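Q: I'd like to learn how to read a structure feature by feature. Could you walk me through this one?

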Amino acid sequence: MQALNTSVKVAVIGAGAMGSGIAQVAAQAGHLVYLQDQREGAAAAGKAGVAKTLQKRVDSGKMQQRDLDALLQRIQPVDSLEQLADSGLVIEAIIEDLDIKRQLFARLEDLCGEQVILATNTSSISVTSLGAQLKRPERLLGMHFFNPAPLMALVEVILGLATDKQLAAVIHATAAAWGKKPVFATSTPGFIVNRVARPFYAESLRLMQEQAADPATLDALLREAGNFRMGPFELMDLIGHDVNYAVTNSVFDAYYGDFRFQPSLIQKALVEAGRLGRKTGQGFYSYAEGATRPEAATLPPAQARDNQVIIEGELGAAAGLIQRFADAGLQIIQRDGAGLIRYGDATLALTDGRMATERTISDGLQQLVLFDLAFDYSKATRLAIAAARQTTDSALQDAIALLQKAGLAVSQLSDAPGLAVMRTLAMLTNEAADAVLQGVASASDVDLAMCAGVNYPQGPLSWSERLGHGVIWRVLQNLQTSYGEDRYRPSLLLRQQAFTAGQQPDSNKKPGAG
Ligand SMILES: NC(=O)c1ccc[n+]([C@@H]2O[C@H](COP(=O)([O-])OP(=O)(O)OC[C@H]3O[C@@H](n4cnc5c(N)ncnc54)[C@H](O)[C@@H]3O)[C@@H](O)[C@H]2O)c1
């Protein structure tokens, strides 16, 4: 499908954080852009903000002054909506209010020609509902940019019930021509990113609430083992707890109180206390002058008592550890088995969503220490472990010594089912799978959205696939059993995939195997 020609004039309404950024993106792509805001002087201020940001690029030699001048010529602040009448595409980025946005679109429909395309940058309002009272609801769609719009690659192209698919394809192509990574999504609560990302915060909040670990440790694990750019607590502090909590609440309510999206009492308390994060100087961390960030809990060096490690069976996702053991000078002995690592007195296994204490009994594994998922075991710098209640201290010390010998900082969590990274990935994947199952977006678009919109190291669906057949489904099943909660029910899509290829996936006897 052809993108809109750059001769098409684009109007951006609302010159706040998002509108100014969107105006910059469209002008950079070569369109003439009208920028309108109901607040006097706001459109001019929005343009001045763009000029100031881009001047820095000129000053550092990354942009030519004449290109900046030409770009700024293409952004025209206007006072009234009447002045946008000859626009071919209007993108609104005004206040997040259904009635006010509806009134705006109704006026635009009258002011602009029948061929105008109307787009909303809403984060949370239904596109279907915004279009409901329009004469031509098929010409309205969502064009959801991420903040800051000039820097973030993702644009979710949202189709309401009435949206014309051809028109959505034109906007998809246009966003791509503007240098963005567009994805299609149907108008459902949270669209893709704001829905699928919920567990990234929720599971860590839960682990903290259950005293499995403190925020600094969980942040370090998600960064250093999970390869996420920021940990959940530091990210919530950056976003602002008022904003993050409001998004979670709106998605929770919109899905009729589905417990998968249940907001956290810990975050509620921060909002009530006015500890909104960086912007108020205090969130999970303090941002006061001279405040230092607490360090992640890291176990002190343990004494390595053995120079051989036994690998029983396939380690599946964790196979990258073997090379690290070899590089550390350990003798590797491979034999048949159920995906276990034996070192000294300890038996180590990748978490499968059960507690170590339970697995000691169910699988008859003595001196069990579970370890967490890492995005790439050959490169991870930190790994979480959890010991069974029955595990002796000397076996625990053996497990710690082995992982430290392989160059890993080791953080011990309480015996939390699924540990931190595996549990987070499992729930992200579950949400992504349900979004695909329900036709919200394709699997490739969900994965792309999570990478381009929130910088995930890999899309959750392809990351989970990489772990091997049925691994995530089994983790979720075990989490559901552990908690006895509907929150962890596996998506039907994951169940279908687990039972594909004629394999019987529900064996809990192959802990680390793919
Ligand atoms: N801030 C984000 O991270 C983010 C990300 C994606 C989408 N959004 C969505 O983008 C929209 C704008 O968000 P923002 O963060 O830029 O808000 P903002 O408060 O920074 O800017 C909104 C601007 O719209 C103007 N405005 C309000 N009502 C208007 C009207 N009727 N006509 C013309 N101008 C009007 C305001 O004067 C203000 O300048 C919202 O729908 C929001 O949900 C925000």
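Q: Where does Asn478 sit, and is it buried or exposed?

A: This is a predicted model, so please read every value here as computed from that prediction. A residue counts as buried when its relative accessible area is under 20%. Asn478 belongs to helix 19, which spans residues 471-483. With a relative accessibility of 6%, Asn478 is therefore buried.

Q: What does the side chain of Asn478 reach?

A: For a polar side chain, look for N or O partners within 3.5 Å. The Asn478 side chain reaches the backbone oxygen of Asp352, at 2.8 Å.

Q: Which UniProt domain entry lists residues 348-417?

A: UniProt gives that range, in an unreviewed entry, as "domain: 3-hydroxybutyryl-CoA dehydrogenase reduced Rossmann-fold". In the model, the chain over residues 348-417 is 29% helix and 24% strand. The C-alpha atoms at the ends of that range are 15 Å apart.

Q: And what does UniProt list for residues 9-185?

A: The record, again an unreviewed entry, reads "domain: 3-hydroxyacyl-CoA dehydrogenase NAD binding". Residues 9-185 are 40% helix and 21% strand, with 25 Å between the end C-alpha atoms.

Q: How do I read the ligand site, and which residues are closest to the ligand?

A: Start with the surroundings, then go to individual atom pairs. The ligand is surrounded by 21 residues, and the closest are Met18, Asp37, Arg39, Glu96 and Lys101. Glu96 places a polar side-chain atom 2.5 Å from an oxygen atom of the ligand. For Asn121, the distance from a polar side-chain atom to a ligand oxygen is 3.0 Å.

Q: How much of the ligand does the protein bury?

A: Compare the area of the ligand alone with what the protein covers. Taken alone, the ligand exposes 830 Å², and the protein buries 75% of that.

Q: Where is Asn121 in the chain, and what else does its side chain reach?

A: Asn121 lies in the loop between strand 5 (117-120) and helix 5 (127-131). Asn121 counts as buried because its relative accessibility is 7%. Its side chain also reaches the backbone nitrogen of Phe145 at 2.8 Å. Setting aside neighbours within four places in sequence, Asn121 has contacts that include Met18, Ile22, Met143 and His144.

Q: Which residues is Ala15 in contact with?

A: Ala15 sits in the loop between strand 1 (10-13) and helix 1 (17-28). Leaving out neighbours within four places in sequence, Ala15 touches Ser20, Leu35, Gln36, Asp37, Ala42, Ala43 and Gly46. The C-alpha atoms of Ala15 and Asp37 are separated by 5.6 Å, although these residues are 22 apart along the chain. Ala15 is buried, since its relative accessibility is 7%.

Q: How should I think about the nonpolar core, and which residues have the most contacts inside the largest one?

A: In soluble globular proteins, nonpolar side chains tend to be buried together. Here the largest nonpolar core has 117 residues, and Leu108, Ile192, Phe325, Ile341, Phe371 and Tyr377 have the most contacts inside it. Helix 16 (residues 421-437) gives the most to this core, with nine residues. Apart from it lies another core, of 40 residues, including Leu4, Ala15, Met18 and Leu72.

Q: Why is helix 10 described as largely enclosed?

A: Count how many of a helix's residues are buried. Six of the eight residues of helix 10 (residues 232-239) are buried, so the rest of the structure largely encloses it. The buried ones are Pro232, Phe233, Glu234, Leu235, Met236 and Asp237. They pack against helix 8 (198-209), helix 9 (215-224), helix 11 (241-254) and helix 12 (265-273). After helix 10 comes Gly240, with a positive phi near 105°.

Definitions and conventions. Residues are numbered from 1 along each chain as its sequence is written. This is a predicted model: local features need pLDDT of at least 70, side-chain atom pairs count only at pLDDT 80 or more; totals for chains, interfaces and linings use all residues. Side-chain values use heavy atoms; hydrogens and water are left out. A nonpolar core is a set of buried Ala, Val, Leu, Ile, Met, Phe, Trp, Tyr and Cys residues joined through side-chain atoms within 4.5 Å. Buried means under 20% relative accessible area, exposed over 50%, partly exposed in between (1.4 Å probe, protein chains only). Helices (H or I, at least four residues) and strands (E, at least two) are DSSP runs, numbered from the N terminus. A residue is near a molecule or strand if one of its heavy atoms lies within 4 Å of it. A polar contact is a pair of N or O atoms within 3.5 Å; within protein, one must be able to donate a hydrogen and the other to accept it, and residues adjacent in sequence count only if both atoms are side-chain atoms. Accessible areas come from the Shrake-Rupley method with a 1.4 Å probe; for residues, only the protein chains shown count as cover. UniProt positions are given in the numbering used here, feature names are shortened, and annotations may be inferred rather than shown by experiment. Contact means heavy atoms within 4.5 Å.
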